[in-house]
Each structure stands twice: as structure tokens, then as C-alpha cells.
Amino acid sequence: MTDNQRVTDVEQESLGRAARIGLWLGPTLAIGVLMLPLAGLAWKAHLVLALLVLMATWWITEALPLAVTALLPIIAIPLIGIEVSINPRGQLVCATEGLCRDAGAAAPEFIRRLGLGDLGAYYSSPIVLLYIGGFLLGIAIERCGLSTRIAFGLVARGGARPGLMLAGFIVAAAFLSMWISNTSTSLILTPLALSVAAGAAVNGQENPRFATALVLAIAYAATIGGLATPIGTPTNGIALTQLRLEGIEVSFGQWMAVGVPVVIILLPMVWLILSRGLDVGAKGAAGAQARVRQELEKLGSLTPPEARTAIIFFLIAGLWMVSTLIADWIGAVLLAGGRIDSGHVDTIIATVGALLLFIVPSGGGSRRPLLTWADAQKIPWGILLLFGGGLALAAAADLSGLSPFLASGLNGLTEVNAVIVILLIGLLVIVITEFASNIATISLMGPVLLSVAASHPSLGAASFIVPAAMAASMGFAMPVGSGSNAIAYGTGKVKQADMIRRGLVMNACALVVLTIAGVTLAPLVLGGAGGG
């Protein structure tokens, strides 16, 4: 048995022990919360708080599969009987007497209980549908080999110098992870990095520093690149759903206006941290560059499936960039002056792209479409359930009055500078996500983030939600911090001490950059207190 296998076995045993403890700890903590005398908190909101604690415990300890825990709101929330009404915009709002409205005040004309039909809308929200289209596009890019060609092409342009080659891997990983999953990006590029490191060997001796730098560069750049687009990483989608609860619709292009600058700033930091002392010698550099060219030559010329997938990819990506303009045109021309949210247009565009992938034949004499339903089975459906569960939980917290109650308890934060608040939230999220699922982390933070945003109305919800969602992906220090980290550590080229040391530096850099983005770009691009 290898050392890596032993480490994996120990991790699995530890995880199993935590899951067994968490399975019983969750209900115990939930019952304990129900027994707490929380003055001013309505009983139904108290029940939602207990549900939040139960789900948090099970998510953090992975007592059940994450997606299974995300189904709990479907069972619990209709039984709680949360009273809701409809506001003038047609949105559900809290109607709990004594918290959401003053006792004795006139009740809304129409009050009903939050039901299963309402919850179903959260599990199939436009963001979930956007991700289905994005996942299908990513699957098509991987299936035809276009992702590999793009990666090898970008790395080959890095040149023969070790620093430039490292930069090539960083750019390739970041670009691919904008459109396909971070883990898939690492799986595509890591074998190439290992091959390049082997090609740089001199007299049969591989340069361990070079191999470590390449592998970590892929892991870190793949994680960072996912911040650039709404579909780059699931935590971005969760942020969009949380913003939608506040009435803030964010288009694909608007998210990129925040995400791309963050990525552009963080990537050079990755290069600076990993390139220090990187020297493989002239012979090693030439060998590494030759290995990249050999891999690229093996791919041959562009195939018909690659070309057709590329056309659809650039078409959909281009339409996403101008979705706000498309929404304006649809409202003015097709809807006779009506309005359609640009976020909904993004979902329509993604669905059109998915349909094209199932319609357009692969070419080259084959009638097989670019995608079949068998390919679609690779969609990570569990992530979509996590979206729905997190959104339903956040909505229940808001509609039951739990979020206003939490906000009232955070009134003291109004005296604390917003920059410090955003920094502390980011730090908390990064620490948690090093050991727990990043999707579960940001899902659980939803009610808290909305409450914190209410205590700083001058900035608006985006200034708190967007940096926190991005921070949830910034698990650079631990092998379990992300799928990309796990792949890098599994190569055997990265010592845990090296990952922790460099990862902590990256965590600190990311924390500063995300805080600055939260107080500058987020309110500028996504709107301040007014939302909309």
C-alpha cells in the first residue's frame, strides 16, 4: 500500500467517524435550539432556526450525502406552516404577526401558508436551469476534446522558460475553469503538468520544485478562474439566488464585470508565490517545451466535433456577454414595453445552447449529435439539489421572520466599519471551507449574510454576498479544501506542508482582494441598497 493510499484510508475513516457523530449530533443540537428562550422570535421562525442548525450539522459532518440533506426543507417547511403574503411586485413576503408586521396592524388582504409548490420553485429556479445549460456546454467541450486542445495550445504559448511555462499553465487552468468545473480542469491539465515535469528531468533527475509549482499552479488557477463567470463554480450560482431574494437580478455580464477583475488580480499572485526560486536549467527547460509540443502534435488538426462545439461555445458565450442588451430588446420589441430580467435571459440562452448541442450532428460522416442523453447523465445533479435546498432554507428564514430577528441582533455591526465586517466574514468563510463543502458553507451563510447586509444598508446585499461566495471557493491550504487541491495532493508531488504554507499566503491575498472588490466593484456594478 502506498503512502497516498494510507492517507486516503485515514481520511475516509475520519470522515466516517464524523458522519456517525454528526447524524445524532444534528437532531440533538436542533432540539437544544428549540429549548432556548429566544425573546422576540416567533415560534415558526424558531423552528426554522432549528432546521438550519440540523442542516448545518449534517452538511458540515457529511452525516448524509450533501444533496440528501438539501431535501430536508421539502419535508420540514410545509409542516412549519409559515404565513406569507404577496407584495405589489408579486413576490412572497413575511406575514408573521409581531415580527414582520406589528401586532394589531391591518393584515394583508391575502395570507396563505408557504407550501410545497413554492418550495418547488426554489429547487427549479432560473439559476438552477442556467447551471444545467452550463453543465451541458462543459460536458460537450470535454467530450469532443476541445478543452484539451485549448489547454495544450495555451501552455505551448508560454515559451520554454520555466516562469513563462508556469504562466501558461496558470492561464490555461483559469480560462478552462471559467466554463467547465474546476475539478475537470485539474483532471485535464494535471497529467500534462506531470508529463512536462518529467520532460524537464536532467540525467534522469526530476526537479521536485518545478513539479510542485506546476501542479499547485493548476489547482490554484482552476479555483480562481471559476470566480469569473456565474457558471464557473456553484458558489457563484448560490450568490445569485441569494441576491434574487433581495430583488437584485444579476446578468452574466454583470457578474463577469466583478469576477474577471478579481481573477486578473489574483492570478499574478499565484505566479509570484509559485515561481520563486524556480530554475530547471536550459536543458530541462528545452525538454519541458519539447514535451508540450509533442502532446500538442498528437492532437492533430481540429476535428469537426471540436469545430462545431467551438462555434456553439463562442455563440453562447457572446450572447451571455450582451444579455442585458438582449433583455432590453425583448422588452421593447417582443413584450411591447414590458420587462424581462437579464438573468432570465441568461437562462434562456443557456437552454438554447443545450438544445443546439443535442441537434447539431458531430460531422465527419457521423450523424450522432454533439451530445446525447447518455452524455447528459454526467451532470452533477446533486449540486443542483444543493442549490434548491440552500435557497429554500434561506427563503424560509426570510419569510418566517428569522432573518429580521438575526438582523436585529446584529444592529451592533452598524457601528463597525463595513470593510472590517466584510473582511471578517470572508475570513470565517475561508476557514470553514478549508474543511467543509464550499457549497454547503455559503448556503448556510445565506440568512446571516442577508441580515448583515440589512445592518449596512448604505452598501447593499451584493457587497456582502458576492465576496463571501467567492471566499467559499478559496480553500487553498488543505488537500480537502477543494477538488483541485485533492488532485494536486494525490499526485504525490506536493507535500502537505508546502500546500499549507503557500495556501495560507494565497488565502490572505484572496481575502484582501475580495474585501476590496466587495466595497468597490460589487456596489458599483451590482447596485447598492436599492438593488433591482
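These notes go through a predicted model of one chain, from its overall make-up to a few residues and pairings.

1. Overall make-up. The secondary structure of the chain comes to 25 helices and five strands. Of its 532 residues, 54% count as buried. The chain exposes about 22,100 Å², and carbon and sulfur atoms supply 66% of that area.

2. Contacts along the sequence. Among the contacts in the chain with a separation of 6 or more, 78% are made by residues 24 or more positions apart.

3. The nonpolar core. The largest nonpolar core has 164 residues, and within it Phe169 and Trp320 touch the most other members. Helix 10, residues 208-225, gives the most to this core, with 13 residues. Leaving aside residues up to four places away in sequence, Trp320 touches Leu130, Leu137, Trp179, Ile231, Phe252, Gly253, Asp346, Ile349 and Ala350.

4. Helix 2. This helix runs over residues 43-61 and has 19 residues. From its first C-alpha to its last it reaches 27 Å, close to the 27 Å expected at 1.5 Å a residue. Is helix 2 largely enclosed by the rest of the structure or largely exposed? Because 15 of its 19 residues are buried, helix 2 is largely enclosed by the rest of the structure. The residue that follows helix 2 is Glu62, whose phi is positive, near 55 degrees.

5. Strands 1, 2 and 3. Strand 1, residues 83-86, pairs with two other strands described here. With strand 3, residues 111-113, the pairing is antiparallel over three bridges, and the bridge partner of Glu83 in strand 3 is Arg113. With strand 2, residues 92-94, strand 1 also pairs in the antiparallel sense over three bridges. Here the bridge partner of Ile86 is Leu92 in strand 2.

6. Cys144 and its contacts. Cys144 lies in the loop between helix 6 (126-143) and helix 7 (146-156). Its relative accessibility is 15%, which is under 20%, so Cys144 counts as buried. Which residues does Cys144 touch, not counting residues up to four places away in sequence? They are Pro305, Glu306 and Thr309.

7. Thr309 lies in helix 14, residues 304-321. Thr309 is buried, with a relative accessible area of 1%. Besides Cys144, it touches Ala140, Ile141, Leu146 and Leu370, again without counting residues up to four places away in sequence.

8. The structure holds five salt bridges. In one of them, Glu306 pairs with Arg149, the closest N and O atoms being 3.0 Å apart. This pair links distant parts of the chain, since Glu306 is in helix 14 and Arg149 is in helix 7, 157 residues apart. Are Glu306 and Arg149 buried or exposed? Glu306 counts as buried at 4% relative accessibility, and Arg149 is buried too, with a relative accessible area of 16%. In general, side chains of opposite charge can pair when their charged atoms come close.

9. A salt-bridge network. Arg143, Arg368 and Asp375 are linked in a network of salt bridges. Within it, the side chains of Arg368 and Asp375 meet at 2.9 Å, N to O. Arg368 is partly exposed, with a relative accessible area of 26%, whereas Asp375 is buried, with a relative accessible area of 7%.

10. Asp498 forms a salt bridge with Arg501, and the closest N and O atoms are 3.0 Å apart. Both residues lie in helix 24 (residues 496-519), three residues apart, about one turn of the helix. Why can residues three places apart in an α-helix point the same way? An α-helix has 3.6 residues a turn, so residues three or four places apart point the same way. Arg501 counts as partly exposed, at 48% relative accessibility.

How values were computed: Residues numbered from 1 in each chain as written. Predicted model: local features only at pLDDT ≥ 70, side-chain atom pairs only at ≥ 80, totals over all residues. Heavy atoms only, no water. Helix = DSSP H or I, 4+ residues; strand = E, 2+ residues; numbered from the N terminus. Expected span 1.5 Å × (residues − 1). Buried < 20%, exposed > 50% of the residue type's maximum accessible area, 1.4 Å probe, protein only. Contact = heavy atoms within 4.5 Å. Areas by Shrake-Rupley, 256 points an atom, 1.4 Å probe, with all protein chains shown as cover. Core = buried A, V, L, I, M, F, W, Y, C linked by side-chain atoms within 4.5 Å. Pairing = 2+ DSSP bridges. Salt bridge = Lys/Arg side-chain N within 4 Å of Asp/Glu carboxyl O.
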